Amino acid sequence: MRVLVLHSDISDHAPPDELDTLVQARWVADLLASRGHSVTTGPFRPDQFYMKELLGSTRPDCIFNLVETVNGSGKYSYLAAQFCEQEGIPYTGSSARTIFITSNKCETKTLLASKGLPVPRTLWPSERADSSDGARKAIIKPLWEDGSVGLTSSSVINLADLDWSDPGKAVNGRFSEGELFVEEYVEGREFKVSLISLRGCVKVLPVAEILFRDFGKEEPKILDYEAKWCPESPSYKRNIREFGVEQREPVLAERLTDLSLLCWQILKLRGYARIDFRVDKRGQPWIIEVNANPCLSPDAGFMAALGEAGIDPEDAVESILVDSMMRR
């Protein structure tokens with residue numbers, strides 16, 4: 001099969017999270033080639049003439065969609081899937097509509113909450129803290145980005161200290177008004193649940209917990225940008241991925257699994273996905289993010305979960321490819 005691995009258009013001076021897209025594309029291309037497919041890679045650009053030329057030169061039977069950003073923003077990542085739909089070419093992963101919804105964290109939360117699923121409350125200026133809840137914490141997040149983009153230790157603040165006229169000050173003003181939202185911060189543990197479609201059926205992979213080691217008492221326990229993408233930073237070494245929740249805490253693992261499958265169904269996820277959770281001190285899980293196209297790099301959490309499940313990476317990408325052809 002002729003496969004075009006389509007990835008984000010990345011400059012040489014892009015930040016680490018975007019440069020990782022190229023690592024991911026080469027890795028997936030190599031895995032597919034090892035299965036006998038004829039594979040090419042290429043960047044997606046929101047330019048019809050360029051994309052027509054790319055299709056004409058590669059003549060793909062299927063597109064493996066790894067586009068995470070367009071023009072440097074996750075807001076437009078759905079355009080790659082939309083282009084494939086317009087051209088009638090099978091492509092991997094979720095639909096353009098699902099990618100658009102899950103890229104917008106507030107849209108995702110609203111939809112899941114309407115179905116009764118637990119999500120942290122979005123906070124508004126009318127909910128200014130008073131003296132009785134001055135210790136209540138909030139987290140300021142970019143609306144459209146994933147991969148911990150825009151998250152720093154300063155993203156978590158006391159609600160009483162939040163400047164509602166300019167919440168972007170807490171994240172160094174990187175994002176403009178309308179690109180940020182404020183959410184109730186869930187103090188507790190963090191879990192990642194990866195899912196993949198195998199032979200037409202969704203499979204939940206082993207649950208991963210992110211352990212926060214050697215954090216100060218007042219230091220927010222979050223997987224921020226430095227912890228995820230900057231190996232030279234102190235926080236990078238203090239976050240550890242650990243499996244085995246199913247054996248240690250089977251009731252919690254079952255709850256996380258059930259909620260992940262509900263997300264898959266409600267959001268119409270396809271191919272593969274990852275659901276991120278916080279679990280509060282009472283043991284209540286909260287869905288904090290749904291990623292319709294999680295990273296498939298060899299050192300990413302998704303590949304780690306596959307390894308824990310005993311699934312070969314070649315088999316996984318082949319299954320994702322087959323799933324796309326089954327939906328023609």
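Guide: Happy to! A residue counts as lining a cavity when it has an atom within 4 Å of one of the cavity's grid points. Keep in mind that this model is predicted.

Visitor: Which residues lie nearest the centre of the second largest cavity?

Guide: They are Thr102, Ser103, Asp146, Asn291 and Asn293, out of 16 lining residues. Among the elements, α4 (96–103) and β13 each supply at least two residues of that lining.

Visitor: What makes a space a cavity rather than a pocket?

Guide: In a cavity a 1.4 Å probe fits but cannot get out, whereas a pocket is an open set. The structure holds 3 cavities of 30 Å³ or more.

Visitor: Why is the largest cavity said to lie between domain 2 and domain 3?

Guide: Both domain 2 (102–119 + 188–213 + 239–326) and domain 3 (122–184) give residues to its lining, so the largest cavity lies between them. Its lining has 25 residues, and Lys141, Leu151, Glu190, Ile288 and Glu289 are the ones nearest the centre. Strands that each supply at least two lining residues include β5 (137–142) and β8 (188–198).

Visitor: How many residues of the largest cavity's lining are charged?

Guide: The count is 13 charged, beside 10 nonpolar and 2 polar. Glu190 lines this cavity, and Glu counts as charged, so Glu190 belongs to the charged class. For the second largest cavity, the lining divides into 5 nonpolar, 6 polar and 5 charged residues.

Notes
Residues numbered from 1 in each chain as written. Predicted model: local features only at pLDDT ≥ 70, side-chain atom pairs only at ≥ 80, totals over all residues. Heavy atoms only, no water. 1 Å grid on protein atoms, 1.4 Å probe; cavity = no way out; pocket = protein on both sides within 12 Å on 5 of 7 lines; lining within 4 Å. Points joined across faces, edges and corners; volume = space filled by probe spheres on them. Helix = DSSP H or I, 4+ residues; strand = E, 2+ residues; numbered from the N terminus. Domains from an automatic or database assignment.
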